[in-house]
Amino acid sequence: SEDLGGRYKAIFALESFFRTDTGAQGRSDTDPFFSRNSYVGIEGGFGKLTFGRQTNPTYINMGTLSPFGVSVVFSPLVLQSFVATYNGAFIGDTVWNNAIQYSTPRVGGFAGNLVYGMGEVAGHTGTANLGAHGNYVNGNFTAAFSAQSFRAPVTAPMTRQDAYLLGATYDFKVLKVYGSLGKSNAEGTKNDTRTVDLGVKIPVTAAGSILAEWAQTKRTRDLVPRNTRDTVSVGYDHFLSKRTDVYAIYSYDKQTAFNSAGTYGVGIRHTF
């Protein structure tokens with residue numbers, strides 16, 4: 001950021017994913033180099049206006065509504081909403097290209113934003129995507145809402161999917177509870193989803209907490225039996241310092257007509 005005077009700042013971000021096991025850039029070989037945020041903008045008392053590739057605020061809100069944050073490996077809410085191998089209920093990426101976003105300042109605990117993704121070529125996938133989002137923070141209580149309209153083919157002749165997310169958290173100190181509801185419906189065909197998610201974070205020491213979360217997505221499609229998917233994650237997270245923690249997590253997954261499966265994960269994380 002650069003101070004322009006008069007409470008205004010010029011801002012920009014250039015961020016990339018990388019894969020620690022190989023050192024390769026991006027989440028996959030198809031990602032661009034700056035595959036996370038890549039934008040320019042201006043910020044002041046009016047709020048913030050940014051232009052470029054930007055993280056989808058629906059994904060950001062999910063991070064506040066899950067004890068596992070925005071993890072695309074361990075958060076059942078994120079897995080069932082955005083990850084293709086978990087039949088992601090929300091189409092589109094966690095990052096939108098060529099987007100204009102306005103974010104309000106926080107007033108009385110409320111902050112919101114509007115994002116419009118123009119796409120790169122008129123008439124192509126990813127054109128005219130629109131999102132409206134808000135969150136409210138008051139002491140131990142947090143609530144979040146997202147609504148997005150994304151144009152991309154999923155099941156012909158569908159040309160647009162509308163998706164919604166509503167949830168809240170409350171920190172009782174002895175435990176923090178999470179709850180949310182997500183819905184999506186496809187234009188032009190019966191391809192709808194409903195996701196219910198519940199989570200809890202229980203401090204057991206000054207530095208460590210037990211995390212648990214369950215999500216269930218029910219999917220209705222034309223000429224296909226109703227499908228239900230349940231995903232559960234349970235783990236322990238322990239902070240060694242302000243920015244470094246170690247964790248151990250087990251995830252269970254079961255989908256209609258398929259056998260159940262489990263995933264174990266242990267690791268160390270450093271944030272900055």
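Reader: What caps the N-terminal end of α1?
Author: In this predicted model, N56 does: one of its side-chain oxygens lies 3.0 Å from the backbone nitrogen of T58. Helices (H or I, at least four residues) and strands (E, at least two) are DSSP runs, numbered from the N terminus.

Reader: Which cut-offs and numbering apply?
Author: Local features need pLDDT of at least 70 and side-chain atom pairs count only at pLDDT 80 or more, while totals for chains, interfaces and linings use all residues. Residues are numbered from 1 along each chain as its sequence is written, and side-chain values use heavy atoms, with hydrogens and water left out.

Reader: Is α1 largely enclosed or open, and why?
Author: Largely enclosed by the rest of the structure, because six of its eight residues are buried. Buried means under 20% relative accessible area, exposed over 50%, and partly exposed in between (1.4 Å probe, protein chains only).

Reader: Which ones are buried?
Author: P57, T58, Y59, N61, M62 and G63.

Reader: Which residues make up the largest nonpolar core?
Author: There are 11: Y59, M62, L65, L77, V78, F82, A89, F90, A144, A163 and L165. Such a core is a set of buried Ala, Val, Leu, Ile, Met, Phe, Trp, Tyr and Cys residues joined through side-chain atoms within 4.5 Å.

Reader: Which elements give two or more residues to it?
Author: α1 (57–64), α2 (76–82) and β9 (161–171). The largest share, three residues, comes from α2.

Reader: What does L77 touch, sequence neighbours aside?
Author: Leaving out neighbours within four places in sequence, L77 is in contact (heavy atoms within 4.5 Å) with M62, L65, S180, T195, D197, E213 and A215.

Reader: Now D162. Where is that, and is it buried or exposed?
Author: D162 lies in strand β9. It counts as buried, at 14% relative accessibility.

Reader: Which side chains have polar contacts with it?
Author: S149 at 3.0 Å and R160 at 3.1 Å. A polar contact is a pair of N or O atoms within 3.5 Å; within protein, one must be able to donate a hydrogen and the other to accept it, and residues adjacent in sequence count only if both atoms are side-chain atoms.

Reader: How many salt bridges in the whole structure?
Author: The search finds nine, a salt bridge being a side-chain nitrogen of Lys or Arg within 4 Å of a carboxyl oxygen of Asp or Glu.

Reader: What about R27 and D93?
Author: They form a salt bridge, with the closest N and O atoms 2.9 Å apart. The pair links distant parts of the chain, 66 residues apart: R27 is in the loop between β2 and β3, and D93 in the loop between α2 and β5 (95–103). R27 is partly exposed at 33%, and D93 is partly exposed at 27%.

Reader: And D237 with R269?
Author: Their side chains meet in a salt bridge at 3.8 Å, N to O. D237 lies in strand β13 (residues 224–239) and R269 in strand β15 (residues 261–270), so the pair ties together parts 32 residues apart in sequence. D237 is buried at 12% relative accessibility, whereas R269 is partly exposed at 40%.

Reader: Last one: where is V246, and what does it contact?
Author: V246 is in strand β14 (residues 244–255). Apart from neighbours within four places in sequence, V246 is in contact with Y236, D237, H238, L240, G267 and I268.
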